[in-house]
Amino acid sequence: MTTYRIDTVDQGTVTYTDQKRWWWLLSLVNPLIPLFGIVGHWLTGSELWLLVPLGMMFIMGPAFDWLFGEDENNPPEILVPQLEQDTYYRWLTYLTVPVHYITFLAVAIWVGTHSLTWWGFIALTVALGFADGFAINTGHELGHKRTKIETWLAKIVLAVPAYGHFWIEHNRGHHRDVATPDDPASARMGESIYQFARREIPGAFHRAWMLEHERLCRKGVPVWSIHNEVLQSYMITVILQVGLIATFGWIMLPFLIIHNFFSWWVLTSANYIEHYGLLRAQQADGKYERCQPHHSWNANHKYSNLLLFHLQRHSDHHANPTRRYQSLRDFPDLPSLPSGYYGMYVVAYLPALWFKLMDSRLLALPHIKGDLRKVNINPDSLAAIQAKYGQADA
Amino acid sequence: MVKPMPDANRRYQCPGCGYTYDELLGDDHEGYPPGFLFADLPDDFVCPDCAVRYKEDFNFALTP
């Protein structure tokens, strides 16, 4: 196990050993989850195995978060530069990219060459959609880095879920506008995930396109060209998905539609829970205060963080967006979710339960203390929320 | 084409992520040609790398 150390004047020698170093290999296993279903089906002939991947995500995931609990590993800030230089961690993100392709193609071939029951088909396709939603997570980690190889790998992996515009929209749009009413990717209090999705999915696409449009206009390059970084990733998607339809016929059409939808839905789910109700204050000049740690919800659970490249240490990510996953830190007193993302996704899908669990948690945050003026509220829900939480008009 | 050059090689650094805007080089990816002055960047300019620091947050440094 590698131990990082640095000699300092005031604190003596500071050391850190990443106890999770080898556990990070789990992030390579995560995209393979749908294959457990296929292998089981192949070995036993029973399509019931095709339900296993969804169970591994939404039953095993929250159960393991509960079982293994929170993560005590926290690298000292002073050793972060050393951790960033350790290329082992980088290789894991690179390798995750082909793993997503292997799983996607293996499932497509399985669906294309077996006549499955309707429910087996749907269970396997939805599970693949969720697995490839996590390709957006891989693309997220890679897309924030400034090396050419990493930005290209981001575009390549984002082609699997057909979400090539994500890294532009996310890096340049979401991070700029996060926790403000202007951000289609920040959920508002009182907004259900189903309302949010209708605002987020088109809003994200529109913002990505406008940002890329502006950049290409400055460069004097046509928007419809190979230089368009949204279209670069889409072109890979078109080759991949049209190729599958040409090879396996029309069964690929519902397969790809369901797959793409659920991949996007994973991102919608993550966006929904990451900033729900949180609001940056507006300054006198109309700009918003800089994003602070209390503008993101966090989950410091060990298991789901290992599958998600520490995405759930979300406050540090928004404070330092280019920081690598192995270096992200947990801090005391952050807005924190009661479970990891897998468990919270399930809660989000049941709006009544979500509001019950999260609205009081939101209003109890130390920087809000029940003050609705400090909350990002869905305009349609404002009257109901004011009535319920007993506050006069702001 | 001759571009107007700034008087000195002036650099502006993002205090968050370390991205540096060098007026002599501009930023080709972002569409700012060599010699494009920092002062002429749009008012709503955000750091192209991290996007969480605004134009007015950048630190000025003359290249040694």
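This is a predicted model: local features need pLDDT of at least 70, side-chain atom pairs count only at pLDDT 80 or more; totals for chains, interfaces and linings use all residues.
Trainee: What makes Ile122(A) partly exposed?

Mentor: Its relative accessibility is 37%. Buried means under 20%, and exposed means over 50%. The value for Ile122(A) falls in between, so Ile122(A) counts as partly exposed.

Trainee: Where does Ile122(A) sit, and which patch includes it?

Mentor: Ile122(A) is in helix H6 of chain A, residues 118-143. Together with Leu48(A), Leu51(A), Trp118(A) and Trp119(A), Ile122(A) forms a nonpolar patch on the surface. The accessible area of the patch is about 530 Å² in total.

Trainee: How far is Ile122(A) from Gly220(A)?

Mentor: The C-alpha atoms are 46 Å apart. In sequence, the two residues are 98 residues apart.

Trainee: Why is H3(A) called oblique to H6(A)?

Mentor: Helix H3 of chain A covers residues 52-68. Its axis and that of H6(A) cross at roughly 45 degrees, and they come within 8 Å. That angle makes H3(A) oblique to H6(A). Under 35 degrees would count as roughly parallel, and 65 to 115 as roughly perpendicular. The crossing of H3(A) past H6(A) is left-handed.

Trainee: What makes Lys302(A) and Glu72(A) a salt bridge?

Mentor: Their side chains meet at 3.5 Å, N to O. The cut-off is within 4 Å, so the pair qualifies.

Trainee: Which parts does that pair tie together?

Mentor: Lys302(A) lies in helix H12 of chain A, residues 302-307. Glu72(A) lies in the loop between H3 and helix H4 of chain A. The pair therefore ties together parts that are 230 residues apart in sequence.

Trainee: What makes Asp49(B) and Arg146(A) a salt bridge?

Mentor: The closest N and O atoms are 3.2 Å apart. The limit is 4 Å, so the pair counts. This pair crosses between chains. Asp49(B) is in the loop between strand E2 and strand E3 of chain B. Arg146(A) is in the loop between H6 and helix H7 of chain A.

Trainee: Why is Asp49(B) called buried?

Mentor: Asp49(B) has a relative accessible area of 16%. Arg146(A) has 37%, so it is partly exposed.

Trainee: Which other salt bridges can I look at?

Mentor: One of them joins Asp316(A) and Arg323(A), at 3.2 Å, N to O. Asp316(A) and Arg323(A) are both buried. Elsewhere, shared partners link Glu169(A), Arg176(A), Asp177(A), Asp183(A) and Arg207(A) into one network. Over all chains, the count comes to 27 salt bridges.

Trainee: What is the pattern of chain B?

Mentor: Along the sequence, chain B reads β-β-β. Its secondary structure comes to 0 helices and 3 strands. Of its 64 residues, 42% count as buried.

Definitions and conventions:
Residues are numbered from 1 along each chain as its sequence is written. Chains are lettered from A and ligands numbered from 1 in the order in which they are written. Side-chain values use heavy atoms; hydrogens and water are left out. Patches are made of residues with over 30% relative accessible area and no salt bridge: like charges are joined within 9 Å, nonpolar side chains (Val, Leu, Ile, Met, Phe, Trp, Tyr) within 5 Å. Accessible areas come from the Shrake-Rupley method with a 1.4 Å probe; for residues, only the protein chains shown count as cover. Helices (H or I, at least four residues) and strands (E, at least two) are DSSP runs, numbered from the N terminus. Buried means under 20% relative accessible area, exposed over 50%, partly exposed in between (1.4 Å probe, protein chains only). Axes are lines fitted to C-alpha atoms, for helices over the stretch in contact, and angles run from 0 to 180 degrees between N-to-C directions. Angles under 35 degrees count as roughly parallel, over 145 as roughly antiparallel, 65 to 115 as roughly perpendicular and the rest as oblique. A crossing is left-handed if the near helix is turned anticlockwise from the far one by less than a right angle, and right-handed if clockwise.
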